[in-house]
Structure formats: C-alpha cells, structure tokens
Amino acid sequence: MLRNVDDLYGVSLEATDGPIGEIRDCYFDDQSWTVRFFVVETGPWLGGRTVLISPLALRGVHGAGKSLSTSVTRAQVKGSPDVDTSKPVSRQHEVEQFGYYGYPFYWGEGQLWGGGARPGMSLAGYGSVELPTEARARQKFVDAQLRLHRDRGDDPHLRSSRAVERYHVHAADGDIGHVESFLVDDQAWAVRYLVVNTSDWWLGHRTLVAPQWIVDISWLDATVAVELTRQAIKDAPAYDAQALPSPEQEQLLFDHYGRADHRDAFGGSTSA
C-alpha cells in the first residue's frame, strides 16, 4: 500500500532482541527512486548514535504501522559501519553496509532490489541474514567492490527525503511550487509520487507527480524539473492530504497527463 513518507518519521524499529530506535529520515536512490535506508536515531542504549537500516531487514508491521520489526540483532546494529548522515551517502557506504549485514547487492541486476521487485524477493534462496564472517569469498568480493568505488570516486547517489521535501519544482514553462512530501509503496519501498504544493503560485492546490515525469534534478540548486506545463498541473486532480489515492484516482491522474496505465508504470496497483 501507499504511505506518506512523513508518517514514517517517528516509527519505531525493533531488532530481534529489543528496540533499535526511531526513523528520522529516509535515503532514496536518485536513479530508481527506491528507499535504500531508514535513518534511525538509536537513543540512549547506543548513545544516541544514528544508524542506517535497510528495508531488506524488515519482517513485519505492528501497531497500525507505528512499529516495524527487523531480522537484525542489537549487537549487529551496534557493530554496523559508521556513516555521516549529514552528508549524502555514496555507493561506497552502501557496499560497506550491505557487506556487513551480508545482503545481496542490488545494483546491476535490472530490478529495484537486484533479484526482485521487493526486498524480500532479493533474499529468496540467499540464506539467513548474518554477519559475513563465514563467507570468505563474499568478503573478498565486498573488498573488491570497495576498492572499485574508491578508485572510481563515485558521486553520491542517495538522497535525504527530508532535504528534497524543500526542493522547488519547475514546470516546462515556469515555477510551479515545491516538493512537500513523497508517497512510498511499502512493499517495494519505491517512491511512487512526489506531493507538489503549488501554493507558491496557485493557492491551496496539491497534486501528485510521478518520478518518471521528472526530467532533471539539480542537487546544487535544490530544484526538480518536470516535463509538465503549469496549466496541466493546475488542472490535474487535487491530492487530498487526509486520504491516500485509490487506484481509480491514480488512473485519473495518469489519464489527465495522457500517460500509460499506472499499473503498467508501477508493475501493479500500489494502493490498498
């Protein structure tokens, strides 16, 4: 189903043997618009340290979505690689995180999560998620990947959802508003829509824009450019912040812009 990313902030994450902390941010892939990590504030048990937890670790949702259980232990979280969450996360950091937890790498496989369209599918047949101490061959591969990305000097490619929520949105013929939030598919953990607030130009109107309609993002200028006109956005179906869109409302949006069936675009309906 679809979730507003703002509703994830403050959600508790549970290890197999106790609480980890609360989600404060999400890092998404700026190429496939997929959430790769939850930024979790651990609290007093780990000195308030901030850690990254992948959706690959998720096992279930509890308490009307107020708590998410994971397959990792508190000891694993405590020993996980440090990362400066005030800066964009690079592929090198991903290699370190995925290598530490023993997750399969998703990049280069042609799907959102390497072996599948959802996190759990990429782990199918992969074995349990454990520290990779017994997998010497895999550790050699991880080390080789780290050297490759260090030598190549990869540009950062994971972005903070909180940071992008403040970006200005440019239509094909002028400014239109700003990114207010995101709607995320909590099965694939992919960003399905940007919630665009046009109150900077047309008072009180919010609408949805799919990532595939974006033509450019300037991280330096903090802007998102879409291939839609201002009038088309003004005339688009409004987004009700109090209710997530139904499949029928999603289709109306796609029809308005003359796009393909939203189920084809997303590989199936993403609403409840």
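1. A quick definition to start: a pocket here is an open set of grid points where a 1.4 Å probe fits, with protein on both sides within 12 Å along at least five of seven lines. Keep in mind that this is a predicted model.

2. With that in hand, have a look at the second largest pocket, which holds about 230 Å³ of space. Its lining is made up of 14 residues, and Pro-55, Leu-58, Asp-186, Gln-187 and Trp-189 are the ones closest to the centre.

3. Which element gives the largest share of that lining? That would be β6, with 4 residues. Strand β6 covers 58-62, and along with α3 (119-123) it is listed as supplying at least two residues of the lining. Sorted by class, the lining of this pocket comes out as 8 nonpolar, 3 polar and 3 charged residues.

4. Now turn to strand β2, residues 12-15. In a regular strand, side chains alternate between the two faces of the sheet.

5. What does β2 pair with? One partner is β3 (residues 18-29), which runs antiparallel to β2 and is joined to it by 4 bridges. The two strands make a hairpin, with 2 residues between them. If you want a spot to check, Ala-15 has Gly-18 of β3 as its bridge partner.

6. Strand β7 (residues 67-70) also pairs with β2, this time running parallel, through 3 bridges.

Methods
Residues numbered from 1 in each chain as written. Predicted model: local features only at pLDDT ≥ 70, side-chain atom pairs only at ≥ 80, totals over all residues. Heavy atoms only, no water. 1 Å grid on protein atoms, 1.4 Å probe; cavity = no way out; pocket = protein on both sides within 12 Å on 5 of 7 lines; lining within 4 Å. Points joined across faces, edges and corners; volume = space filled by probe spheres on them. Nonpolar A, V, L, I, M, F, W, Y, C, P; charged D, E, K, R; others polar. Buried < 20%, exposed > 50% of the residue type's maximum accessible area, 1.4 Å probe, protein only. Pairing = 2+ DSSP bridges.
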